[in-house]
Amino acid sequence: MTTESMYQEIGIRPEVLKFGTKIEKSLKERFDRIDETAEYNQLKVIHAMQKNRVCAECFNQSSGYGYNDLGRETLEAVYASVFHTESALVRPQITCGTHALALALSSNLRPGDELLSISGKPYDTLEEVIGIRPSMGSLKEYGVSYSQVDLKPDGSFDFEKIREAIKPHTRLIAIQRSKGYQTRPTLSVEKIGEAIAFVKGIRKDLIVMVDNCYGEFVERIEPSDVGADMTVGSLIKNPGGGLAPVGGYIAGTEHCIENAAYRLTSPGLGKEVGATLGVNQSFFQGLFLAPTVTASALKGAILAANVYESLGFPVVPNGTESRHDIIQAVTFGKAEGVIEFCKGIQAAAPVDSYVTPEPWAMPGYDSDVIMAAGAFVQGSSIELSADGPIKPPYAVYFQGGLTYPHAKLGILMSLEKLVEAGIVTLP
Ligand SMILES: *Cc1c(COP(=O)(O)O)cnc(C)c1O
């Protein structure tokens, strides 16, 4: 059987395959550059594993208090090496990205301090952490105030306003690398570095935290390489490589990480406790795979951008611009477009391919949301997934793909559904 007939059997008509493959061929040089970044980052990860003497005993499991968990301690040393930081906290007890960010913030801020976001409104789930939307146990309830400087209309930092916003009681500066659910461009590590140098030039003692979700291994450097005191993310996104079943990380200075560890477990106990219950191997192996998995997801995002851009839909980032995270937004301008796209992603999944996603009123969102994912790890967004709020401008956010062939199938299947529904006519 040929590959073409395999595609037909799985539900992709020849015209859709032909259209997608033609665009794919035009992307060869960009894909080569992504492979070069993956090669560099693969070496970085292997070198960190060798330097910290990862061994078979690291995969043993601990229970109870988890004292002297060699795997946990070695893994944290490996993360610190990869991110070039003094220390790191990498734990299954950190339940998700929001938790990692909440931990980094709440452990390094004290009553009377101010948190200043210089990349505009933070990710939705942080609104309750900070107290922008009132919530039990928010930073606001503990006497931590918040202020924000928006990015300029072109997506760059507003240095003048940042200078004005830094007050004597400003303690921590937050920067979000990825655009999240906004349509602003994602920030490059280089630009983040310029902003960090600027704020440290005003006050050297300011702590800078970067929300690195979706950004890991997209470039050769990370925010920690350009001066961030804390770089924070989720293990069910890029650095978990699709294998980590849970978890989050904070990589940073000794002092910031000690604060975070004291908050996660208890003052006095810190990093010394925390059983790993058998997850160590998947954390190590996931990190090992993360550079190539991220590359697959990136190629998928670039293919999607170029396919939908050539059909006339607005896409962010556009087909040719440089990438700083793995998220691709496509604006359909009508609800049916978002829904059919998501149906295609679901139908291409290895798990739950037979279910049909529908919009619903998810907690934490202010409109109905549709989500497509057929993942091995629940909610994992390094696996191929798509979601979109059912409200104008009717944009879908697409990300992930543990392998490039799967990402490609997902994109072709989304196009197939849009063609079937009469929303798209192929040229
Ligand atoms: C995903 C994400 C988060 C939150 O992570 P969860 O694991 O969903 O809690 C925070 N910030 C950004 C930019 C993200 O993409």
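In the predicted model, a polar side-chain atom of Thr98 is placed 2.6 Å from an oxygen atom of the ligand, a polar contact being a pair of N or O atoms within 3.5 Å. A side-chain N or O atom of Asp211 lies 2.6 Å from a nitrogen atom of the ligand, and a polar side-chain atom of Lys237 is found 3.0 Å from a ligand oxygen atom. The ligand taken alone exposes 380 Å², of which the protein buries 89% (Shrake-Rupley accessible areas, 1.4 Å probe).

The model is predicted, with local features requiring pLDDT of at least 70 and side-chain atom pairs pLDDT 80 or more, whereas totals for chains, interfaces and linings use all residues. Residues are numbered from 1 along each chain as its sequence is written, and side-chain values use heavy atoms, with hydrogens and water left out.

The residues surrounding the ligand (a heavy atom within 4 Å) include Cys96, Gly97, Leu101, Tyr123, Gln176, Cys213, Tyr214 and Ser234. Helix 5 (residues 97-108) makes the greatest contribution to this shell, with 3 residues; helices are DSSP runs of H or I of at least four residues, and strands are E runs of at least two.

The ligand sits in the largest pocket, with more than half of its atoms within 2 Å of the pocket's grid points. This pocket holds about 1,000 Å³ of space, the volume being that filled by probe spheres set on the points. Its lining comprises 44 residues, with Tyr123, Tyr181, Tyr365, Met371 and Gly379 nearest the centre. A pocket is an open set of points on a 1 Å grid over the protein atoms alone, where a 1.4 Å probe fits, with protein on both sides within 12 Å along at least five of seven lines; lining residues have an atom within 4 Å of a point.

Definitions and conventions. A polar contact is a pair of N or O atoms within 3.5 Å; within protein, one must be able to donate a hydrogen and the other to accept it, and residues adjacent in sequence count only if both atoms are side-chain atoms.
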